[in-house]
Amino acid sequence: MKNAIKVIFAVSMILVLAMSLAACKPATPKPSGSPAASTVPSGSPAASTKPSTAPSTVPSGSPAASTAPEKEMYKNDTFTFELPASWIGKYEAKPMEDGYEFISIANKADGGILCTITAVPEANKPSNPDDKILKTADGKNYILSLPTDIQYSIDAKLQAEYKAMYEDIAMIISTFALIAK
């Protein structure tokens, strides 16, 4: 009987904690088709070298040819995707053991994590139902995770920048591609 009471109490506390944490999520709606996230199981490293970025080219006849590029191509040893020009100079790709964290530089003091892409063994499914498998290849799942807590400053300008970048994630992940080895 005592064990049953302890189990009921433990489950109740977990539910209270879960409801409290749910209230801490950003008020920003999720990008359509994109999940919120938590931790992802560790696995094989996604890449061992420092990522680089290379701006995409704009055709000379287009209206944007005389202005800043509309997109930037992010590339590391494992994957690529397109970033909107509004991200240029505003994000950091931080290598992790099994992938990369993409961080809003302006909001870094408050966490600033926009999303995480990790490569884990294919047998490891996402630990959070809101995580999204972007691709499966070479025995690995490439998983997108979004933060489950507030990662931006209370400063309205910095908050607006973070939220604008966060809203771009759905478009960005639609361009996710693995690099052939």
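A contact here means heavy atoms within 4.5 Å. Keep that in mind as you look over this predicted model. Among contacts between residues at least 6 apart in sequence, 58% join residues at least 24 apart.

**Stop 1: the whole chain.** Switch to the cartoon view. Trace the chain along its sequence, and the order reads α-β-β-β-β-β-β-β-β-α-α-β.

**Stop 2: the surface.** The accessible surface comes to about 10,200 Å². Carbon and sulfur atoms account for 61% of that area. Of the 181 residues, 35% count as buried.

**Stop 3: the aromatic rings.** Hide the surface and show the side chains of Phe, Tyr and Trp. How many aromatic pairs does a search of the whole structure find? There are 14.

Select Y74 and F79. Their ring centres are 6.0 Å apart and their planes sit at 40 degrees, so this pair is tilted. Y74 and F79 are both buried.

Planes over 60 degrees apart count as edge-to-face. F102, like Y74, is buried.

Now colour two strands. Y74 lies in strand β2 (residues 71–75), while F102 lies in strand β5 (residues 99–104). The pair therefore ties together parts that are 28 residues apart in sequence.

**Stop 4: the cluster.** Select Y74, F79, F81, W87, Y91, Y100, F102, Y142 and F176 together. These residues form one aromatic cluster. Y74, F79 and F102 from the last stop are among them.

Note on methods. Residues are numbered from 1 along each chain as its sequence is written. This is a predicted model: local features need pLDDT of at least 70, side-chain atom pairs count only at pLDDT 80 or more; totals for chains, interfaces and linings use all residues. Side-chain values use heavy atoms; hydrogens and water are left out. Helices (H or I, at least four residues) and strands (E, at least two) are DSSP runs, numbered from the N terminus. Buried means under 20% relative accessible area, exposed over 50%, partly exposed in between (1.4 Å probe, protein chains only). Accessible areas come from the Shrake-Rupley method with a 1.4 Å probe; for residues, only the protein chains shown count as cover. Rings of Phe, Tyr and Trp (its six-membered ring) pair if their centres lie within 6.5 Å; planes under 30 degrees apart count as stacked, over 60 as edge-to-face and the rest as tilted.
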